[in-house]
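Hi,

Here is the structure I promised to pass on. Have a look at it first, and then read my notes below.

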Amino acid sequence: MMEIITSIGEMKTWSRRIRDEGKVIGLTPTMGCLHEGHLSLIKASITECDSTVVSIFVNPTQFGPDEDLGSYPRTLEADKEVLRSADIDVLFLPTKEDLYPDGFQSFVEVDNKTKYLCGKSRPGFFRGVTTIVLKLFNIVNPDTAFFGEKDRQQLEVIRTMVRDLNLNVTVTGKPIVREDDGLAMSSRNRYLSEEGRLSARSLSQALETAQTSIEQGERSTETIRNKIRQMIEKRNGTEVDYISVCDPEDFSEHKEIRSKTLIALAVRVGNARLIDNRIVERT
Ligand code: AMP
């Protein structure tokens with residue numbers, strides 16, 4: 001039976017009791033509007049841990065003033081049903097007032113890795129993410145936390161925070177779950193019009209083409225970036241935010257393709273800002 005906990009104190013008490021029973025706790029933090037991508041993390045938690053907690057919280061501190069905090073899709077009743085069927089132990093639904101009471105002024109920040117990609121185009125985003133994730137870790141006290149490779153920079157930034165601050169949690173990353181036509185699943189796909197939905201396919205298609213080029217011997221990162229840009233910009237309603245061909249761990253860019261390369265994209269399609277990425281190993 002899934003328990004719904006809204007109070008921070010009750011969540012801490014639950015966690016202490018479960019740990020005292022010698023059980024391993026898995027946490028999947030989400031912002032709700034759940035889809036198969038979230039479910040893959042939740043299923044991994046159920047398989048790998050004794051007790052599974054899923055949190056739903058649309059975290060205001062990670063949204064910029066001109067971003068979609070107000071319109072972010074909220075589908076709580078449907079999410080509850082999905083989580084009940086998945087048979088998780090606790091749905092943690094903290095309130096904004098409890099997490100960020102008046103006078104709140106403490107943030108945690110990861111330095112270099114947040115200067116690139118989404119960190120560059122969304123100032124303050126990672127500061128909000130690391131702060132809420134650290135708070136959730138402190139409240140839920142999980143043994144393992146599950147994150148998607150869809151947000152690869154976020155995953156790396158969280159791994160860095162956990163290492164640098166000696167947190168007692170194992171961070172597990174899981175592969176991107178995609179629609180049949182390759183589009184990475186995202187709560188923000190709901191913003192897409194019919195035409196936008198078709199244009200959105202160009203992200204994964206461009207990543208695949210880039211991979212093929214590298215496998216066929218292309219070594220110039222600039223050529224790869226240009227090829228991706230062309231493929232995306234020829235589709236209606238797309239506006240590239242960034243295309244990066246970079247190191248998968250520190251996100252630095254180089255002229256030549258190295259043995260392991262991350263290709264990461266952020267593209268605006270109508271009202272939706274979509275991200276996708278792929279790691280390519282040179283053969
Ligand atoms: P969100 O609710 O968008 O904050 O995402 C919560 C978690 O689900 C994050 O760790 C995301 O990386 C992960 N996630 C979102 N979409 C996908 C996807 N298509 N495949 C795998 N994981 C995902």
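T172 is buried, with a relative accessible area of 16%; buried means under 20% relative accessible area, exposed means over 50%, and partly exposed is in between (1.4 Å probe, protein chains only). You'll find T172 in strand β6. Leaving aside neighbours within four places in sequence, T172 is in contact with E48, T144, A145, F146, F147 and R159, where contact means heavy atoms within 4.5 Å.

Before you go further: this is a predicted model, where local features need pLDDT of at least 70, side-chain atom pairs count only at pLDDT 80 or more, and totals for chains, interfaces and linings use all residues. Residues are numbered from 1 along each chain as its sequence is written, and side-chain values use heavy atoms, with hydrogens and water left out. Helices (H or I, at least four residues) and strands (E, at least two) are DSSP runs, numbered from the N terminus.

Next, helix α2. It covers residues 36–48, 13 residues in total, and reaches 18 Å from its first C-alpha to its last, close to the 18 Å expected at 1.5 Å a residue (the expected span is 1.5 Å times one less than the number of residues). Which residues of α2 are buried? They are G37, H38, L39, L41, I42, A44 and S45. What covers them includes β2 (25–30), β3 (51–56), α3 (76–86), β5 (144–148) and β6 (170–174).

Now for some helix pairs. Helix α6 (residues 125–140) and helix α7 (residues 152–164) pack at about 55°, with their axes 10 Å apart. Axes are lines fitted to C-alpha atoms, for helices over the stretch in contact, and angles run from 0 to 180 degrees between N-to-C directions. That angle makes α6 oblique to α7 (under 35 degrees counts as roughly parallel, over 145 as roughly antiparallel, 65 to 115 as roughly perpendicular and the rest as oblique). On the α6 side, the contact is made by F125, F126, V129, T130, V133, L134 and F137, and on the α7 side by Q153, Q154, V157, I158, M161 and V162. By class, this contact of α6 with α7 has 10 nonpolar, 3 polar and no charged residues. (Ala, Val, Leu, Ile, Met, Phe, Trp, Tyr, Cys and Pro count as nonpolar, Asp, Glu, Lys and Arg as charged, and the others, Gly among them, as polar.)

Helix α8 (residues 194–215) and helix α9 (residues 221–233) have axes 9 Å apart and an angle of about 150°, which makes α8 roughly antiparallel to α9. Here S202, L203, Q205, A206, T209, A210, S213 and I214 of α8 meet I224, K227, I228, M231 and I232 of α9. The classes in the contact of α8 with α9 are 8 nonpolar, 4 polar and 1 charged.

The axes of α1 and α6 come within 7 Å and cross at roughly 55°, so α1 is oblique to α6. In this pair, I8, M11, K12 and S15 of α1 meet N138, I139 and V140 of α6. E10 is also found in helix α1 (residues 8–20). Is E10 buried or partly exposed? At 49% relative accessibility, E10 counts as partly exposed.

Last stop: E253, in the loop between β7 (238–246) and β8 (260–269). E253 is partly exposed, at 41% relative accessible area. Not counting residues up to four places away in sequence, E253 touches R225, I243, S244, V245 and C246.

Cheers
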